[in-house]
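Please keep the sequence and the structure in view while reading the points below.

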Amino acid sequence: PGRGPPPPRARAAWPAPEPFVARAADGRRDVHGVVIKPYGFDPAKRYPVIERIYGGMQANNVPQGFPGIDADEYELMLAHFASQGFVVVLMDSPGTMGRGRAYFMERYGSWPDGIVADHAAALREIAKTRPWMDLDRVGIDGNSWGGMLAIRAGLEQPSLYKAIAASVPQTDMRDIAWMESHLGTPAANPTAYDRGALPPRINELRVPLLLVAGTADVNVSIYNTHQLLDALAEAGKPYDLVLFPGTNHGHEGRGDRYAYAIAAITRFFKRELGLPRVATPSPAEAAAGTAGEP
């Protein structure tokens with residue numbers, strides 16, 4: 001079929017995304033986000049959740065529109081996750097751009113400390129009014145800074161994040177020269193750079209991990225992935241790996257590797273988180289015989 005908007009029946013089966021504002025971990029600052037419901041959404045079911053994280057100070061993660069047939073590859077990935085039965089959540093927390101200088105500067109000198117805590121607090125808050133979000137089955141996916149923060153989420157909030165898909169994650173912030181604009185130089189602020197390193201912490205990992213990387217990445221060199229793989233082996237931690245020879249930061253360069261990466265990540269989350277389930281009724285609902293109906 002040709003390109004163009006989905007037919008009305010398809011649009012009706014895919015609810016509009018829900019924007020939200022929740023509280024950060026300190027209960028004071030705001031976290032802005034959007035919830036994308038699955039295609040054919042049924043509020044009587046319990047859906048596994050994928051949080052797609054970025055968290056970098058130079059960009060926003062929350063899309064300005066709904067993923068559609070003519071969307072870019074990033075938005076099509078979100079649409080694919082939702083089409084496979086996942087609730088997808090995206091957030092921008094303090095330290096990201098577009099909401100004033102004070103909001104942007106919240107993490108200056110300490111980035112990425114506190115980002116995972118803010119996202120976890122917001123996710124738990126929004127799920128209180130969305131019982132179809134199954135917080136016992138939450139995965140987190142990210143690329144670049146998002147890959148690094150996805151791994152940190154598994155390290156810092158393992159009771160919430162049960163599976164990690166990390167694409168081209170930074171593991172050594174000293175390998176990223178432009179970090180100096182937000183942290184200062186390594187000589188002036190060595191503790192911040194040390195806290196951002198992942199390999200020394202990898203022995204704490206208790207969450208299933210999928211890594212995706214390309215060998216020709218010019219944004220985050222393959223050296224970062226090598227460091228992480230060496231630390232995982234040293235710690236005896238199992239992991240899944242998708243490695244693309246000759247591809248760059250977005251897996252472009254040789255065929256449709258981006259689509260292959262999305263498919264691999266989706267398979268990983270289906271394996272680790274499962275599929276939508278009929279909700280378990282409360283005792284009162286069970287007695288009335290009205291809840292949990294497919």
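A213 stands opposite L243 in strand 8. This is a predicted model, in which local features need pLDDT of at least 70 and side-chain atom pairs count only at pLDDT 80 or more, while totals for chains, interfaces and linings use all residues. Residues are numbered from 1 along each chain as its sequence is written, and side-chain values use heavy atoms, with hydrogens and water left out.

- Strand 7 and strand 8 are paired in the parallel sense over 5 bridges; two strands count as paired if DSSP finds at least two bridges between them.
- Strand 7, helix 8 and strand 8 together form a right-handed β-α-β unit. Right-handed means that, with the strands pointing away from the viewer, the path from the first strand over the helix to the second runs clockwise.
- Helix 8 covers residues 222-235, has 14 residues and reaches 20 Å from its first C-alpha to its last, close to the 20 Å expected at 1.5 Å a residue. The expected span is 1.5 Å times one less than the number of residues.
- Which residues of helix 8 are buried? They are I222, N224, T225, L228, L229, A231 and L232. Buried means under 20% relative accessible area, exposed means over 50%, and partly exposed lies in between (1.4 Å probe, protein chains only).
- These buried residues pack against helix 5 (145-156), strand 7 (209-214) and strand 8 (240-244).
- After helix 8 comes G236, whose phi is positive, near 70°.

**The protein as a whole**

- The protein has 10 helices and 9 strands. Helices (H or I, at least four residues) and strands (E, at least two) are DSSP runs, numbered from the N terminus.
- Of the 294 residues in the protein, 51% are buried.
- The accessible surface comes to about 13,100 Å², and 55% of it belongs to carbon and sulfur atoms. Accessible areas come from the Shrake-Rupley method with a 1.4 Å probe; for residues, only the protein chains shown count as cover.
- Among contacts between residues at least 6 apart in sequence, 75% join residues at least 24 apart. Contact means heavy atoms within 4.5 Å.

- Strand 3 (residues 45-53) is largely enclosed by the rest of the structure, because 7 of its 9 residues are buried.
- The bridge partner of R52 in strand 5 is D141.
- Strand 3 also runs parallel to strand 4 (residues 87-92), to which 4 bridges join it. In strand 4, R52 has L90 as its bridge partner.
- With strand 9 (residues 277-278), strand 3 pairs in the antiparallel sense over 2 bridges. There, R46 is bridged to R277.

- S144 lies in the loop between strand 5 (133-143) and helix 5. Is S144 buried or exposed? S144 is buried, with a relative accessible area of 7%.
- The side chain of S144 makes a polar contact with the side chain of H249 at 2.8 Å. A polar contact is a pair of N or O atoms within 3.5 Å; within protein, one must be able to donate a hydrogen and the other to accept it, and residues adjacent in sequence count only if both atoms are side-chain atoms.
- Not counting residues up to four places away in sequence, S144 touches Y54, S167, V168, P169, Q170, V220 and H249.
- A153 belongs to helix 5 and is buried, with a relative accessible area of 0%.
- Leaving aside neighbours within four places in sequence, A153 is in contact with V116, I140, P158 and Y161.
- A153 and H119 are 34 residues apart along the chain, and their C-alpha atoms are separated by 9.0 Å.

**Two further loop residues**

- R107 is in the loop between helix 3 (101-104) and helix 4 (115-127), and R107 is buried at a relative accessible area of 7%.
- The R107 side chain makes a polar contact with the side chain of D118 (2.3 Å) and reaches the backbone oxygen of D113 at 3.2 Å.
- P200 is in the loop between helix 7 (190-195) and strand 7. P200 counts as exposed, because its relative accessibility is 61%.
- The C-alpha atoms of P200 and L232 are separated by 10.0 Å, the two residues being 32 residues apart along the chain.
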